[in-house]
Amino acid sequence: MSRNDAGRRTRPGRRTGTALGIVAGALVLAACSSGTTNALKSTSTTAAAKVTESTNLPSTGPLAPVTGGVTGKPGYFVYWDQNEEVDLLSMPSGTQGQLLPAWDLNGQMCVLPDGRFVGGYDPTLPGQRNLGSAKPYKQPADGEELDNPDGAFSGQTLYVPGPYKLPGQTVGSDSPPTPDGVFNNNQTYTGCAVDKTGDVFGNDIATAQGAYPSPSSGRLVEWFAPSYTTYCIVYGPNSGGVGPHHTDGSGGLAQPGMMALADNGDLLVPNVGTSSVLRFAASSLPRGASQCPGGLYPRSKVQVSTFYKASFAAGIAKDPTCDCYAVSSYIGDPSIKWVSQSGQPEANRGSVPGTTIANLGKSPDQYNPFGMAFAPDGTLYFIDIHIACKGLLTGCGPASYGGRVMKVTFTNGQPSTPVAVATGFDFPTSVTICVPATTVCPYPSGAIAAPLSGPAENPSPDKGPASNAPATAGFG
């Protein structure tokens with residue numbers, strides 16, 4: 001992502017003049033959800049190297065041993081991304097801190113069973129003026145980064161290989177940059193999910209960077225456990241575009257959002273371009289790279305259907321108290337609705353009011369839900385990307401340092417008025433919840449550092465990496 005003079009990140013080169021266009025593009029984000037049951041073995045540096053040698057993808061650097069994390073403790077952790085940083089809220093204590101200092105991650109965070117986590121990343125350019133700007137670029141330019149439970153970069157990224165590289169890098173992806181060298185205008189990973197076998201799914205919004213209606217250039221990619229060095233484009237463009245994958249072509253997803261896994265393993269994917277949440281049947285998805293010749297899964301094998309119709313669908317999350325799902329819409333009233341396992345309105349369950357297009361950006365008290373997650377007791381947390389407008393339905397986009405983490409509680413199935421529990425963030429997109437009583441949860445080692453946003457995380461003048469050498473494991 002890039003940043004404008006006001007400090008708000010925008011998608012360069014594809015801004016539009018309408019509220020719908022700007023908002024649809026400005027909120028084309030990235031994010032992740034946890035929720036898998038199988039335990040994966042920790043991967044040592046030596047073991048990871050052996051796995052990489054037997055696959056068709058090179059590693060992106062030495063893998064760090066799996067370190068850190070918390071297990072067996074009461075309460076839960078709430079994580080969110082903002083300004084390439086991942087922050088956390090420890091409940092019930094209310095302590096806030098950084099998990100991953102600013103360094104590229106910008107989207108839904110998904111926790112693996114061993115406490116490692118993944119999240120979409122793209123280059124933190126000097127023009128973004130955050131602390132990540134001074135760190136080496138991960139390679140290739142866009143993908144999902146794999147991080148250790150203590151927040152350190154493992155040295156490995158998940159990506160689709162190709163010839164297009166940042167200067168000085170050795171690993172490329174299959175999506176070319178724009179003529180001015182910007183990669184994330186054509187490829188940006190947003191939502192993620194981890195299935196019951198530990199495979200990682202990520203969705204790429206591709207060229208849905210401000211245009212409305214959203215182009216159908218997005219795709220759904222799967223990386224296979226335990227090494228995550230083999231991939232499959234499960235669903236994506238099937239005509240036009242660049243190369244054998246039809247990169248940035250048409251016929252794929254249209255601005256996908258924050259994903260979730262259904263109880264039976266089906267993948268639930270919000271998709272703005274179809275005003276719906278799509279359902280990908282688990283039984284129809286590949287179980288290994290051998291079922292995905294050339295990295296492209298045959299379209300005829302994918303069983304995809306409409307799970308629920310919702311305009312500006314941004315996120316979906318499982319509610320443990322009703323065996324149903326919440327669906328968020330960043331524009332519209334209501335903004336969060338509950339649906340059954342079959343995608344029907346959930347009886348005896350209220351909704352969360354929202355903001356209509358006509359009232360967009362008029363009130364500082366409004367909220368615009370994006371990514372969501374539920375605590376074990378049913379408390380809902382969601383990201384308010386907090387849209388502001390310069391005029392009547394003009395110049396609309398996420399307010400500079402206006403992003404918030406909101407909480408909703410329930411009485412007899414009726415949601416409370418959302419309350420902010422963490423504020424002042426720059427372009428947050430998603431929340432993830434992890435329960436250390438049942439799994440390994442990411443947690444920083446050493447002293448807890450307070451979340452950074454605003455001037456503290458945006459030094460001036462702009463800084464850039466001292467070298468084009470690719471990033472390696474660690475904190476940069």
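Strands in this text are DSSP runs of E with at least two residues, and helices are runs of H or I with at least four residues, both numbered from the N terminus. The structure is a predicted model: local features need pLDDT of at least 70, side-chain atom pairs count only at pLDDT 80 or more, and totals for chains, interfaces and linings use all residues. Residues are numbered from 1 along each chain as its sequence is written, and side-chain values use heavy atoms, with hydrogens and water left out.

Tyr-228 is found in the loop between strand 13 (219-223) and strand 14 (231-235). Although Tyr-228 is not a glycine, its phi is positive, at about 60°. Tyr-228 is buried, with a relative accessible area of 1%; buried means under 20% relative accessible area, exposed over 50%, and partly exposed in between, for a 1.4 Å probe and protein chains only. Gln-255, in the loop between strand 14 and strand 15, is not a glycine and has a positive phi of about 60°. Gln-255 is buried, with a relative accessible area of 3%.

Two cis peptide bonds can be located next. One runs from Met-91 to Pro-92, with omega near 20°, and Pro-92 lies in the loop between strand 4 (85-91) and strand 5 (95-100). Another joins Asp-333 and Pro-334, with omega of about 5°; Pro-334 lies in the loop between strand 20 (324-329) and strand 21 (336-339).

Aromatic contacts follow. Rings of Phe, Tyr and Trp (its six-membered ring) pair if their centres lie within 6.5 Å, and planes under 30 degrees apart count as stacked, over 60 as edge-to-face and the rest as tilted. The structure holds 13 aromatic pairs. One of them is the tilted pair of Trp-80 and Phe-425, at 5.4 Å centre to centre and 55° between the planes. Trp-80 lies in strand 3 (residues 76-82) and Phe-425 in strand 29 (residues 419-425), so the pair ties together parts that are 345 residues apart in sequence. Both Trp-80 and Phe-425 are buried. Elsewhere, ring pairs link Phe-77, Tyr-79 and Tyr-443 into a cluster.

Rings also meet charges. A charge sits over a ring if NZ of Lys or CZ of Arg is within 6 Å of the ring centre and within 35 degrees of the ring normal. The charged end of Arg-299 sits over the ring of Tyr-235, 3.9 Å from its centre, and Arg-349 lies over the face of Phe-410, at 5.4 Å from the ring centre.

Side chains of opposite charge can pair when their charged atoms come close. With a salt bridge taken as a side-chain nitrogen of Lys or Arg within 4 Å of a carboxyl oxygen of Asp or Glu, the count comes to 13. Arg-287 forms a salt bridge with Asp-195, the closest N and O atoms being 2.8 Å apart. Arg-287 lies in the loop between strand 17 (276-280) and strand 18 (304-309), and Asp-195 in the loop between strand 11 (189-194) and strand 12 (200-204), so this pair ties together parts that are 92 residues apart in sequence. Arg-287 is partly exposed at 41% relative accessible area, whereas Asp-195 is buried at 7%. A network of salt bridges links Asp-195, Asp-199, Glu-222 and Arg-287.

Lys-318 forms salt bridges with Asp-263, at 2.9 Å between the closest N and O atoms, and with Asp-323, at 3.3 Å.
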